[in-house]
Protein chains: 2
Amino acid sequence: MMPIRIAIFDDNNSIRDSIAMLLQTEKEFELAGSFAHVLDCVDDLKTCKPDIVLMDIEMPGMNGIEAVRLIKQALPDIQILMQTVFEDDDRVFDSICAGASGYILKNQLNSRLIHFIKELKLGGSPMSPSIARKVLTKMQEISAVLKPEADNDYKLSSREKDVLTCIVNGLSHKMIADELNISYETVRSHVKKIYEKLHVVSISQAVFKALKEKLV
Amino acid sequence: MMPIRIAIFDDNNSIRDSIAMLLQTEKEFELAGSFAHVLDCVDDLKTCKPDIVLMDIEMPGMNGIEAVRLIKQALPDIQILMQTVFEDDDRVFDSICAGASGYILKNQLNSRLIHFIKELKLGGSPMSPSIARKVLTKMQEISAVLKPEADNDYKLSSREKDVLTCIVNGLSHKMIADELNISYETVRSHVKKIYEKLHVVSISQAVFKALKEKLV
DNA sequence: GTTTCAATCCCCGAATTCGGGGATTTTTTT
DNA sequence: AAAAAAATCCCCGAATTCGGGGATTGAAAC
């Protein structure tokens, strides 16, 4: 059976060493490389040809997330497992979007790392429980803003929608009057009605609401 | 210690029974209810008050995904663990977007179900490995189509971004001055600089541009 | 057949926004 | 040390927006 070749990026020497030792306890694992920084990561990986990369985030020179991006661009078949102490939303999602296939926290890993690597190799995406929850929550948020947005009905008349569209596009009342061939005062009337219906009191609020709730 | 109360929705009687039996082997678990369909799920759950719901997808009358939506609307604190044989993308993502906090496949569950339920209760999101991979891949896809509007750099200073954010949120200059604890005239100065940098001449255009190009 | 509503137009006065100056202080860059 | 940029504050005058009235017409709803 082909061994699973693994490369490590972590600026902490003792962590790298202890991971290397841990990997040695599994005979199907093979340490392909161990690096303290990611400045030459693509070249490093082209040379050592691993199946899987363990990537820390905080490193001198370039951070691990940017490295993930570069690696997946150059070598898309390599699976990358983030392995870090950070669990703030930004770093988690940036890592995933950059192309990581798993994200585990460093604290409770030791015994489980072997299991996580195997899971990754089998097509899974190992994540620490709190990370997995963040990911699902994020997906729900995304779908909520991306999806329907049809429950709002402010009962704008068609003319009012015309006017609102012009407002959103940045036209002044005077320009709207010209655009729609009506008088300035008519535009004013429509605008007043729109504000009333949308429960806003200014152009900026109207534009924000119109865009946020896809009224135009 | 408070027991973990669990309700089961599955149209297959023998599966419900064997899950119930499995749960009994853990003394911290308590079966709150067991139902063959979801037609009255919200009422059922209001009565039996579980912490966690195990939800099958294929059921007579209403499917499990729609039930998840209703349950999360009415009882948002209940955590729902999908437990099904389906792993097609649509059902997986629909379930998650409907509000499920975990998604496990029925085949290899028996021994692990107890572990998954505990993980869910502790704030994790248990997923079968293949499901977790699908979720991450989906997130990467979404970010890929959502992203590529970052080529714009109007070089707004951080204070200008503060002001722009306030503007987008519908605050008047006077309110912004108050919010940021600076004088009205300072707000004016920032606004002028913002307009110059964004190449706009009015609030509406600024809000539109800020939202469209995700500057805030 | 009256009422309701959308669409059009008008006036006044107050508040807000905008453009075009200028100035000082602090921080950052060079 | 000098230059550039960021952040703060001020004034004037003009343009625009806003709130609160009102009015007319025509079409749709009751």
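## Salt bridges, a sheet and a buried arginine

The side chains of A:Asp88 and A:Arg91 meet in a salt bridge, with N and O 3.1 Å apart; the term stands for a side-chain nitrogen of Lys or Arg within 4 Å of a carboxyl oxygen of Asp or Glu. Before we go on, please keep in mind that this is a predicted model, in which local features need pLDDT of at least 70 and side-chain atom pairs count only at pLDDT 80 or more, while totals for chains, interfaces and linings use all residues. Residues are numbered from 1 along each chain as its sequence is written, chains are lettered from A and ligands numbered from 1 in the order in which they are written, and side-chain values use heavy atoms, with hydrogens and water left out.

Back to our pair: A:Asp88 has 31% relative accessibility and counts as partly exposed, and A:Arg91, at 30%, is partly exposed too. On this scale, buried means under 20% relative accessible area, exposed means over 50%, and partly exposed lies in between (1.4 Å probe, protein chains only).

Over all chains, the structure holds 22 salt bridges. One of them joins A:Lys118 to A:Glu26, with the closest N and O atoms 2.9 Å apart. A:Lys118 lies in helix H5 (residues 110-121) of chain A and A:Glu26 in the loop between helix H1 (13-24) and S2 of that chain, so the pair ties together parts that are 92 residues apart in sequence. Helices (H or I, at least four residues) and strands (E, at least two) are DSSP runs, numbered from the N terminus. Another salt bridge links A:Lys197 with A:Glu160 at 2.8 Å between the closest N and O atoms. Here helix H9 (residues 184-198) of chain A supplies the lysine and helix H7 (residues 158-168) of chain A the glutamate, so parts 37 residues apart in sequence are tied together. A:Lys197 is partly exposed at 25%, whereas A:Glu160 is buried at 6%.

Now let's turn to chain B. Five of its strands form an open sheet in the order S2-S1-S3-S4-S5, with parallel pairing; two strands pair if DSSP finds at least two bridges between them. At the edges are S2 (29-35) and S5 (102-105) of chain B, each pairing on one side only. Strands S3 (residues 52-55) and S4 (residues 79-84) of chain B share four bridges, and B:Val53 stands opposite B:Ile80. S4(B) and S5(B) are also joined by four bridges in the parallel sense, with B:Leu81 partnered by B:Gly102. Both faces of S5(B) are covered: B:Gly102 and B:Ile104 are buried on one side, B:Tyr103 and B:Leu105 on the other.

Helix H4 (residues 89-98) of chain B has buried residues including B:Val92, B:Phe93 and B:Ile96. The buried residues of H4(B) pack against helix H6 (129-146) of chain A, together with helix H3 (64-74), S4, S5 and H6 of chain B.

Our last stop is B:Arg133, in helix H6 (residues 129-146) of chain B. Which side chain of opposite charge is nearest to this arginine? That is A:Glu119, 8.4 Å away, and B:Arg133 is buried yet has no salt bridge; Lys and Arg count as positive and Asp and Glu as negative, with His and the chain ends not counted. The side chain of B:Arg133 does make a polar contact with the side chain of A:Ser125 at 3.0 Å. A polar contact is a pair of N or O atoms within 3.5 Å; within protein, one must be able to donate a hydrogen and the other to accept it, and residues adjacent in sequence count only if both atoms are side-chain atoms. The arginine side chain also reaches the backbone oxygen of A:Leu120 at 3.5 Å.

Definitions and conventions. Contact means heavy atoms within 4.5 Å.
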